Amino acid sequence: MAVDLLEFPFIGGRPALNFVGTLGKRGSEDIERLRTPEDLTRWGIESGLSKAASATATSVELTASAVELQDARLLREALYGLTMATLGRAPARSTDVALVNEWAAHETHAPALVLRSGALHRDEPESTAAAVLAAVARDGIDLLTGPEAASIRDCEDPTCTLLFVDTSRSHRRRWCSMARCGARAKMRTLRSPG
Ligand SMILES: [Zn+2]
């Protein structure tokens with residue numbers, strides 16, 4: 001299982017966009033980074049949305065199921081569709097809206113304060129995969145209806161398709177990352193004559 005783990009891009013600036021980015025090079029290579037339930041678990045942890053109770057983390061609760069993996073991909077594509085709609089590339093679909101709403105409404109445990117020997121501690125159950133999906137869906141709602149919606153861009157590399165919120169001061173960020181597509185574009189410019 002340790003072989004060939006695909007690195008997740010976290011360049012979107014928002015959990016919802018980072019989640020959408022788990023499918024790379026859309027429409028050409030379709031690089032699926034959520035291939036196994038373990039990938040979904042790993043995304044939850046790497047994104048910071050999965051709060052593992054450090055001392056007692058057995059990761060049993062945390063581990064996603066095959067069904068949750070399917071759910072995750074469906075939610076991801078709904079968020080992608082709605083983001084494209086926000087960018088004016090396609091009409092928004094009511095089925096996508098319904099799916100995002102369904103996950104956003106998923107009941108999750110709230111953190112709690114615990115008083116132990118006079119000191120405050122934070123008590124939080126381990127986040128399940130479903131809780132991670134709920135958090136992603138809620139972020140999607142915040143993003144697509146909030147001020148950052150106007151700053152959503154996709155990478156200018158035509159095959160990349162990664163989405164991000166352009167928080168640069170000039171609002172002219174062109175690439176998902178300079179290291180990734182920016183450098184490639186620079187190379188092309190240097191090579192092309194004239
Ligand atoms: Zn890119």
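Leaving aside its neighbours within four places in sequence, which residues is Arg42 in contact with?

## Arg42 and its partners

This is a predicted model, so keep that in mind as you look around. Once the neighbours within four places in sequence are set aside, Arg42 touches Leu5, Leu6 and Phe8. You'll find Arg42 in helix α2. Its relative accessibility is 16%, and because buried means under 20%, Arg42 counts as buried.

Two packed helices are described by the angle between their axes and the distance between the axes.

Who does the touching? On the α2 side, the contact is made by Leu40, Trp43 and Gly44, while α5 brings Ala129, Val132, Leu133 and Val136. Sorted by class, this contact of α2 with α5 has 6 nonpolar residues, 1 polar residue and no charged ones.

Now hop over to the loop between β1 (23-24) and β2 (31-32), where Lys25 is found. Asp30 lies in the loop between β1 and β2 too.

Most residues other than glycine have a negative phi. Lys25, though, has a positive phi near 45° and isn't a glycine. Asp30 isn't a glycine either, and its phi is positive as well, at about 45°.

Methods: Residues numbered from 1 in each chain as written. Predicted model: local features only at pLDDT ≥ 70, side-chain atom pairs only at ≥ 80, totals over all residues. Heavy atoms only, no water. Contact = heavy atoms within 4.5 Å. Helix = DSSP H or I, 4+ residues; strand = E, 2+ residues; numbered from the N terminus. Nonpolar A, V, L, I, M, F, W, Y, C, P; charged D, E, K, R; others polar. Buried < 20%, exposed > 50% of the residue type's maximum accessible area, 1.4 Å probe, protein only.
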